[in-house]
Amino acid sequence: MTYELRYKPYGERSILIEWPAVIDKNILSDIIRFKEKIQNSNIKHLVEIKNAYNSLLVVYDFYFVDFENEIKTLQELYNQITPDTKSILKQWKIPVCYDTLFAIDLEEMAFEKGLSKTSIITLHSQTVYTVYFIGFLPGFMYLGGLNEKLYTPRKATPRLKIEKGAVAIGGEQTGVYPSESPGGWNIIGNSPITFFNPKNDPPCFVNAGDTIVFEPISLKKYKDIKTLVDAGVYQLESEVVDG
Amino acid sequence: MVKVLKAGLYTTIQDLGRYGYQEYGVPYSGVMDAYSASMANILLGNNENTAVMEITMSGPTLEFNCHTSICISGADLSPKLNKTPIKINNPIPVKSGDIVSFGKHISGFRCYLAVTGGFKTEKMMNSHSMYQGITKQPLLFKNQELIIDATLKDFDKKHAAIKINTSHFKTKELEVFKGPEFDKLSKAQQDLLFSQHFTIAKENNRMAYQLLEPLENSLEAIITSLVLPGTIQLTPSGKLIILMRDCQTTGGYPRVLQLKGASINILSQKFTGDSIRLTLKE
């Protein structure tokens with residue numbers, strides 16, 4: 001399906017394309033389809049294209065500005081019927097250790113919600129999350145799909161330091177801190193996986209549109225995986241799913 | 001090689017930035033004032049994207065261990081070569097053993113030191129620009145050794161007549177375009193943005209500049225969307241935040257205005273207490 005899109009110039013050399021302001025998997029698929037069309041087109045002077053929940057930003061070369069014309073080109077491209085090429089989307093299995101060593105807010109969350117720690121872990125790890133985009137920090141995935149029972153307000157006072165790999169819940173979202181950072185989310189576990197490595201090209205294994213599942217692991221397994229990750233030999237499991 | 005004897009307040013190596021990695025959450029980074037940095041490079045005959053040293057307010061002390069040429073542009077921080085004052089916007093030959101230092105702050109906020117051929121610090125994701133978590137070091141540190149090309153070639157004097165646009169440092173006017181959420185503001189709010197003077201708050205750095213005067217606001221946060229350096233965000237409490245080169249790739253506050261590229265350069269030379277005005281470009 002196609003949507004009513006809005007095109008807006010954004011500064012001197014970018015065009016913002018907006019979809020209806022809702023968080024929706026179908027919109028994400030349409031955004032990614034359009035993004036790939038632009039990437040595969042012969043539009044010149046492109047610097048980069050990035051997306052968020054309901055928008056796409058097309059950034060052009062410094063010295064190239066003819067908005068009207070560019071917007072027309074983009075509109076034609078969007079409406080062009082192309083063979084239904086399904087993008088290759090992957091589902092990643094992300095190991096997470098929910099041990100109390102890492103899960104510093106799990107006890108309190110369980111108490112507040114009147115749920116057992118085990119049922120929180122089960123609810124968190126039985127969902128297939130959609131990666132909408134990466135932002136906030138290099139390698140930080142914006143995930144959709146958190147079970148409503150796990151919605152938890154952010155901490156009133158953010159922590160100055162959250163460990164790399166911390167798996168956390170903030171409001172209606174869940175995510176993994178790819179690097180040490182200040183933050184106000186509730187921490188329920190830690191993943192030994194490296195989500196961002198500036199030495200790799202691309203620096204992230206995950207792409208917008210992919211899905212992930214969290215796989216609970218023991219502290220022993222966490223340490224084993226961590227050793228392999230640090231040695232640069234850990235192979236993360238993934239499977240190709242229909243795009 | 002250049003040895004850092006004293007690092008200064010906030011000194012980094014920057015080029016024009018890291019492009020093509022925004023979709024992985026990687027900021028652009030790069031020189032804050034691209035006008036002044038390019039000036040220093042061009043005067044030395046370097047390419048504009050050559051890595052330069054960005055110096056903030058209080059400068060470093062550097063010892064050169066080879067022959068080369070340098071050019072200092074941007075803020076005037078009273079640069080000296082072996083304790084003798086040197087001119088800014090002027091290519092200057094240095095020899096092995098020479099010491100470059102800085103003194104009293106005269107004008108501007110960020111100063112650029114270019115060397116012939118540029119600083120050969122590590123290149124990560126096609127850029128030398130220092131950024132926490134991307135390059136090994138986010139800042140220059142004491143006793144750091146920076147690799148440069150030794151050159152005995154005399155610098156190209158024909159560039160020496162380039163005239164610096166002094167209004168770049170003096171003007172209070174920042175030119176802006178409407179941002180994606182500009183039309184959600186009331187007419188009164190829109191008028192206020194362009195009629196009053198704003199003061200740079202003490203919260204100003206490579207990521208963002210906050211403005212002191214709040215704008216009465218009833219706009220809610222938006223679904224996290226895309227931002228760029230130069231985006232002016234309006235927080236629910238009415239704070240205006242101007243994003244700068246090290247800003248995040250996404251944000252959840254309404255984006256009311258977008259600075260022109262040249263105005264980002266101008267703002268980079270302002271600091272706490274300076275006054276600015278916003279002018280709308282249609």
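How many bridges join strand β13 of chain B to strand β14 of chain B, and in which sense do the two strands run? Two bridges join them, and the strands run antiparallel.

## Reading the model

This is a predicted model, in which local features need pLDDT of at least 70 and side-chain atom pairs count only at pLDDT 80 or more, while totals for chains, interfaces and linings use all residues. Residues are numbered from 1 along each chain as its sequence is written, and chains are lettered from A and ligands numbered from 1 in the order in which they are written.

The pLDDT is the predictor's confidence in each residue, from 0 to 100. Chain B averages 94, and 96% of its residues score at least 70. The model as a whole has an ipTM of 0.92 and a pTM of 0.94.

## Chain A in outline

Chain A holds five helices and 14 strands. Helices (H or I, at least four residues) and strands (E, at least two) are DSSP runs, numbered from the N terminus. Along the principal axes, the C-alpha atoms of chain A fill a box of roughly 55 × 40 × 35 Å.

The radius of gyration is taken over C-alpha atoms, and the globule rule is 2.2 Å times the number of residues to the power 0.38. With 243 residues, a compact globule would come out near 18 Å; chain A has 20 Å, which agrees. Of these residues, 37% count as buried. A residue is buried if 20 or more other C-beta atoms lie within 10 Å of its own, exposed if 12 or fewer, and partly exposed in between, with C-beta atoms placed from the backbone.

## Where the chains meet

Two residues are in contact if their C-beta atoms, placed from the backbone, lie within 7 Å. Chain B brings 26 residues to the contact and chain A brings 31 residues. On the chain B side, twelve are nonpolar, twelve polar and two charged. Here Ala, Val, Leu, Ile, Met, Phe, Trp, Tyr, Cys and Pro count as nonpolar, Asp, Glu, Lys and Arg as charged, and the others, Gly among them, as polar.

## The barrel and strand β13

Back to our strands! Two strands pair if DSSP finds at least two bridges between them. In chain B, seven strands form a closed barrel in the order β12-β19-β16-β17-β14-β13-β20, with mixed pairing.

Strand β13 (residues 198–204) and strand β14 (residues 208–211) of chain B form a hairpin with three residues between them. Ile200(B) stands opposite Leu211(B), and Asn204(B) faces Tyr209(B). β13(B) also pairs with strand β20 (residues 275–280) of chain B, again in the antiparallel sense over two bridges.

## Ser275 of chain B

In β20(B), Ser275(B) is the bridge partner of Thr199(B). Ser275(B) is exposed, with 11 other C-beta atoms within 10 Å. Leaving out residues up to four places away in sequence, Ser275(B) touches Lys172(B), His197(B) and Thr199(B).

## An enclosed helix

Is helix α1 of chain B largely enclosed or open, and why? Ten of the eleven residues of α1 (residues 34–44) are buried, so this helix is largely enclosed by the rest of the structure. Among the buried ones are Tyr35(B), Met39(B) and Leu43(B).

The buried residues of α1(B) pack against β3 (52–56), β5 (68–76), β10 (107–115), α2 (167–170) and α4 (261–267) of chain B. Gly45(B) follows α1(B) and has a positive phi, near 85 degrees.
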